[in-house]
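Dear colleague,

Please find below the structure that I am handing over to you. My notes on it follow.

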Amino acid sequence: MKNKEDLVPIMEDCQSAISMQLFLHISLLPALLIVGALSFLQKRAQKLFIDHKLPFLDGRFGIVVPLDTIGSFSNRWSYGFAFGAVSSSVLMLFSEHYIPFTVPTWARALVYLIGAMEVGLAYFPFFACLSTPFRAVGAALGILYSLCWIIVTVWDTFTCPDGKILGKYQKLIIQWPCILSLVFLLGRFVYILVKAIRIHLKLEEDTEELMHLHQTQHVKRLLRKNHVKTLHWFQRKVYEWDPHFKFPNRLIGTAIISLIGLYTMTLADYSLSNVTFGQIDRWKETLKHLTISCNNTESFAAMIPQLEELIDVSRKCWLATTIFASLNSVAYTCHLLVCYRKQMRRLWKGEKHFLPDKFHNPSSAVTVASITRYSGWQIAFTLWGYLIVHFVHFLFALAFVYIFVLPIQHGQALVMLKNIGIILLTVGVVIFLVIIQVVLVQIFFLQDKLSPNDKQKPIALNNRKAFHCFSYFFFFYNVVMGVSNCIIRLFNSVLVGTWLVSRIDRTIMQRGYEHMDPGYSTWVGMIIADHYHTNPVMVCFCQLLVSHSLERQGLSTYSTFSNTPSGNSRTRRRWALYYTLLRNPHMILLRKHHLSRASSLTSPSCTDTVVKALVLASQIQRSEDELQKDSAPETNTTTGTQPTPLPL
């Protein structure tokens, strides 16, 4: 105890040596500078009133977008690891030590809102440097900002790795996903900087198109003839990957944060359970000493072994179900991506039958708003689902141990088998009576098949009077059966609902009430919005329209002289103007600077221009007349050589 008491102040002094909360506040200044620099480079699409007042701005200080949450498929894993770097600060946001001063209870929500805005601004440069079109500047700033965060985080982790809950290396166990994410971002920024330099030196081409490569390959596959491909065992049984499908960065980031959150939640669950069961053990020892010291406590003394057994079984069951609940949540997170791909493929094919009828034509505003809600709700549902599923697993594990394991350990296996046999026999009789009704109807009360190839008999009654008597006598028994089936139905609904609470791709409400499930409504709105914005066929069509429009804008009307338009638009316009005036000399007098001097026709320069235009027009007219005269004899000669038709 003395060593532990001495360790606590040392750990507190170590933690006070460097504060991540203080560094988070300080990082706001460089974050604002980086965002300001990227905003200065970004030009606005439309000029504002301030641009007329301050012409030197030239439309600068545009909006810096952190990431495209709708149609972007580039830097997907980079954005995911950027969210992974944010995860530790988000968890720190909800700790009691984050608020440095005392605030009223009603104002804590506002303080957390301000804190969330602060965390978002502190990590904004990571996303902005990834999404900015100015790659060299964004990569350089991202490298500097990432290095600062890596140095401070690693220093805070390795100078004081111990903790009060997990003990030695607590910070390293908790912070390693954040450090790994920051290192990945640093490597990504270095790669972007090298690529930007190669593009600047023309060693590599920069191809930024509306349509991505996997979408192009998907459309090409649709245009080919259907061919049957052989699938491996892993593809048939576990997962069939598709090289022509990519998940958007929103889903990748959500999955990474969910996995990191599950990792942190599992550690916290394990630590708190140890603390809780340790406290229960101390209460048990206290109760044991009280029963020994007091008289007339034989009944309490008899309960002590049972209490010890319950605490021991609960501890082991909770630890075992922690592992299963974590694996179950991880499997749900991965399976959610598979369901997203499956449902998006169905929507691309025009299939909507898997959706409820009310969601076939949802509101546009609700659909787009679902994109903003999905990531946060999915993470929250995953973490809450882990806790709920963990508790359900714990109850089932506890029941399994008390029904099967403990009777065998206590030598009561025969009694246990007898009780289980009675329960199974009762359930078997009930199920048999339900099945026998179906069998009797199949044999005696349905007409024969209309064709030997039919799979089942038609819904046409035979032996009607016997069927009416059969329904009458089973009516009273089915009333009793309905009570037990109602309880079973309720139990199944609760069980399936709690089991699937974290899977928002499936509704836990009954048919017709799906709109009351906010998680499922968000999921449907999200996939429909993605379908409208990322459908490969639609994107391919838009890419063709954009390419054709650019070609039409690039090609001149006078493309006879050059099929490939020049890169210098001013030279191309002047050449088109020269050719137009050469073919239409009278238009020389209609030019702007000649019209302005139309009143002063007596000036020598204007007179010379008029004379030159008239001479040029007469020369062109004369040359055209000569060409027509030269072509006329050839036409007559050709027509004269033709044989005359014979008279009938």
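Lysine 288 and glutamate 308 form a salt bridge through their side chains, at 3.7 Å from N to O; the term requires a side-chain nitrogen of Lys or Arg within 4 Å of a carboxyl oxygen of Asp or Glu. This pair joins distant parts of the chain, with lysine 288 in helix H12 and glutamate 308 in helix H13, 20 residues apart. Helices here are DSSP runs of H or I with at least four residues, numbered from the N terminus. With a relative accessible area of 31%, lysine 288 is partly exposed, and so is glutamate 308 at 27% (buried is under 20%, exposed over 50%, partly exposed in between; 1.4 Å probe, protein chains only).

The model is predicted: local features need pLDDT of at least 70, side-chain atom pairs count only at pLDDT 80 or more, and totals for chains, interfaces and linings use all residues. Residues are numbered from 1 along each chain as its sequence is written, and side-chain values use heavy atoms, leaving out hydrogens and water.

The structure holds nine salt bridges. One of them pairs aspartate 281 with arginine 315 at 2.6 Å, N to O; aspartate 281 lies in helix H12 and arginine 315 in helix H13 (residues 298–348), 34 residues apart. Another joins the side chains of lysine 316 and aspartate 312 at 3.4 Å, N to O. Both of these residues, lysine 316 and aspartate 312, belong to helix H13 and are four residues apart, about one turn of the helix. Lysine 316 is exposed, at 55% relative accessible area, whereas aspartate 312 is partly exposed, at 35%.

Definitions and conventions. Helix = DSSP H or I, 4+ residues; strand = E, 2+ residues; numbered from the N terminus.
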